[in-house]
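Dear colleague,

Please find below the structure that I am handing over to you, followed by an account of what was found in it. I would be grateful if you would read the notes with the model open beside them.

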Amino acid sequence: MTLKELEQQLLAQSLGNNWQGIEKTPRVCGGEARIAKTRIPIWVLVEASRLGYSDADLLTSYPTITATDLANAWVYAEAHLNEIELAIERNEVA
């Protein structure tokens, strides 16, 4: 299964707002959406991708996450674009 096929499958599963592999916890990463059981916010991955990092680069840079985690992140980011944009803006100012 390709990463794109996995993303499509995860998007279909997420329509019920069950974001498998994504967590939001108050006082952890500012409550931002992040890869489950890590401190890697989704917005960080999105911003890195925009800066030219490939999926392979991200998986190398963050060895604790898997391709499935990354696919979950992309699907979540696509479905919550405004939330991710606001998080990026907030952190650019910080």
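Asp-69 sits in helix α4, which covers residues 67-79; helices (H or I, at least four residues) and strands (E, at least two) are DSSP runs, numbered from the N terminus. Please note that this is a predicted model, in which local features need pLDDT of at least 70 and side-chain atom pairs count only at pLDDT 80 or more, while totals for chains, interfaces and linings use all residues. Residues are numbered from 1 along each chain as its sequence is written, and side-chain values use heavy atoms, with hydrogens and water left out.

Asp-69 is buried yet has no salt bridge. Buried means under 20% relative accessible area, exposed over 50%, and partly exposed in between (1.4 Å probe, protein chains only). A salt bridge is a side-chain nitrogen of Lys or Arg within 4 Å of a carboxyl oxygen of Asp or Glu. The nearest side chain of opposite charge to Asp-69 is Lys-37, 9.0 Å away; Lys and Arg count as positive and Asp and Glu as negative, whereas His and the chain ends are not counted. Apart from neighbours within four places in sequence, Asp-69 is in contact (heavy atoms within 4.5 Å) with Ile-35 and Thr-64.

**Overall architecture**

The protein has five helices and two strands, in the order α-β-β-α-α-α-α from the N terminus. Of its 94 residues, 35% are buried. Among contacts between residues at least 6 apart in sequence, 55% join residues at least 24 apart.

**Helix packing**

Which residues of α2 are buried? They are Ile-42, Trp-43, Leu-45, Val-46 and Ala-48, and the buried residues of this helix pack against β1, β2, α3 (55-61), α4 and α5. After α2 comes Gly-52, with a positive phi near 110°.

The axes of α2 (residues 42-50) and α5 (residues 81-93) come within 9 Å and cross at roughly 80°. Axes are lines fitted to C-alpha atoms, for helices over the stretch in contact, and angles run from 0 to 180 degrees between N-to-C directions.

Leaving aside neighbours within four places in sequence, Ala-73 is in contact with Ile-22, Ile-35, Ile-42 and Leu-45.

**Salt bridges**

- Arg-34 pairs with Glu-23, the closest N and O atoms being 2.6 Å apart. This pair links strand β2, which holds Arg-34, to strand β1, which holds Glu-23, 11 residues apart. Arg-34 is buried at 5% relative accessibility, whereas Glu-23 is partly exposed at 27%.
- Lys-24 and Glu-83 meet at 3.2 Å, N to O. Lys-24 lies in the loop between β1 and β2 and Glu-83 in α5, so the pair ties together parts 59 residues apart in sequence. Lys-24 is partly exposed, with a relative accessible area of 48%.
- Glu-85 pairs with Arg-50, with closest N and O atoms 2.3 Å apart. Because Glu-85 lies in α5 and Arg-50 in α2, the pair ties together parts 35 residues apart in sequence. Both residues are partly exposed, Glu-85 at 24% and Arg-50 at 45%.

**Backbone in the β1-β2 loop**

Most residues other than glycine have a negative phi. Arg-27, in the loop between β1 (22-23) and β2 (34-35), has a positive phi of about 70° and is exposed, with a relative accessible area of 80%. Cys-29 is found in the loop between β1 and β2 as well; its phi is positive, near 55°, and Cys-29 is partly exposed at 23%.

With kind regards
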